[in-house]
Amino acid sequence: VRQHHERDDIGGLAPDQLVHGQGQVIIGQVVASSLPVAVLTVPGIIVVATQLVPPANMPGIILENVSSETLLVNDGASTQSVEPDARLVLAGMADGSARTLQVVIQDRSQAITLMLSSLAAQSGHSVLGQALVGSP
Amino acid sequence: LSTLVTRLADDGLVLSNSVTAFEGARAAVLHAPGLFRLDVAVSGESMRLVVRNMSPGPIAYADRGYDQPVVLQGDTATLRRMRPGHHQLTFRLLGPGRLVEARVIIATLRPVADGLVRVTGQVMVMSCES
């Protein structure tokens with residue numbers, strides 16, 4: 001999954017060095033393929049990746065918990081727990097669709113809002129991700 | 001508004017929502033019933049925020065007035081063309097029997113150059129002592 005963002009830092013900066021005021025905003029975009037590829041990484045907490053899901057080959061979303069704590073993922077219909085080092089796989093997204101998710105670190109007062117969009121691209125389907133990361 | 005809500009470990013709440021709005025149009029992004037509603041209008045490089053106080057008391061509002069940085073991951077040239085924005089504000093108001101603080105993050109993005117802006121908001125609402 002961590003093809004683009006293997007480290008737990010960005011540009012040599014630790015996660016807390018990226019925070020300005022009460023949070024940070026991260027965006028990323030990739031073209032989905034048959035193998036998982038990272039859309040964006042919230043350092044030390046979560047990797048958001050995408051992978052084409054057969055048979056329709058629409059981009060699915062993979063949330064990987066890279067923290068040492070349980071994450072709660074709220075998609076508006078239900079809330080699911082994701083244990084450390086575990087993944088949550090969400091259904092494929094049609095081109096032009098968008099999805100908003102809430103990720104909360106269970107034992108901390110820290111929350112992340114993820115906005116994910118699937119866009120038609122010349123080379124296939126791209127996934128655009130935006131993370132609003134609140135400070136604890 | 002189809003706002004997502006999750007309770008935090010310290011009894012606070014986090015609310016999230018994302019809307020698509022026309023450039024210049026005012027759109028409701030976050031609504032905490034009995035506390036506030038936050039509307040956003042994006043026009044060019046400017047963002048207008050309107051907080052409607054629905055609490056029984058006054059509101060104390062703090063806003064730096066300037067954009068915050070956005071971290072780009074991936075093809076930065078493509079992402080810059082989407083003109084990502086990031087704004088923060090904080091306000092305090094009277095919740096049910098106690099003073100609460102709302103910490104808001106607003107992010108904007110124009111994925112396609114069609115006059116539409118994607119506005120995503122998150123607010124953490126927590127009790128505060130004073």
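Modeller: Let's start with a term we'll need: buried area is the accessible area (1.4 Å probe) that two parts lose on being put together, summed over both. This is a predicted model, in which local features need pLDDT of at least 70 and side-chain atom pairs pLDDT 80 or more, while totals for chains, interfaces and linings use all residues. Residues are numbered from 1 along each chain as its sequence is written, chains are lettered from A and ligands numbered from 1 in the order in which they are written, and side-chain values use heavy atoms, without hydrogens and water.

Biologist: Thanks! How much area do chain B and chain A bury between them?

Modeller: Contact here means heavy atoms within 4.5 Å, and chain B brings 39 residues to it, chain A 41 residues. Carbon and sulfur atoms carry 62% of the buried area. The value for the two chains is about 3100 Å².

Biologist: Which residues in chain B lose the most area to chain A?

Modeller: Three residues lead on that side. Together they make up 23% of what the side of chain B buries. They are L4(B), V71(B) and Q73(B).

Biologist: How many residue pairs are in polar contact between the chains?

Modeller: A polar contact is a pair of N or O atoms within 3.5 Å; within protein, one must be able to donate a hydrogen and the other to accept it, and residues adjacent in sequence count only if both atoms are side-chain atoms. For polar contacts, with both residues at pLDDT 80 or more, the count is 16.

Biologist: Which element gives the largest share of the side of chain B that touches chain A?

Modeller: Helices (H or I, at least four residues) and strands (E, at least two) are DSSP runs, numbered from the N terminus. Among the elements giving two or more residues are β1 (4–7), α1 (76–81) and β9 (99–109) of chain B. The largest share is six residues, and it comes from β9(B).

Biologist: And which residue in β7(B) stands opposite G28(A)?

Modeller: Two strands pair if DSSP finds at least two bridges between them. Strand β1 (residues 23–31) of chain A and β7(B) pair in the parallel sense over five bridges. Opposite G28(A) stands Q73(B).

Biologist: Now for salt bridges: which residue partners R108(A)?

Modeller: The whole structure holds eight salt bridges over all chains. This one joins the loop between β8 (98–105) and β9 (110–121) of chain A to the loop between β4 (58–65) and β5 (71–74), 39 residues apart. The closest N and O atoms are 3.0 Å apart, and the partner of R108(A) is E69(A).

Biologist: One last stop: which residues does V53(A) contact, leaving aside its neighbours within four places in sequence?

Modeller: V53(A) lies in strand β3 (residues 46–53) of chain A. At 34% relative accessibility, V53(A) is partly exposed. Its contacts are M58(A) and G60(A).

Notes:
Salt bridge = Lys/Arg side-chain N within 4 Å of Asp/Glu carboxyl O. Buried < 20%, exposed > 50% of the residue type's maximum accessible area, 1.4 Å probe, protein only.
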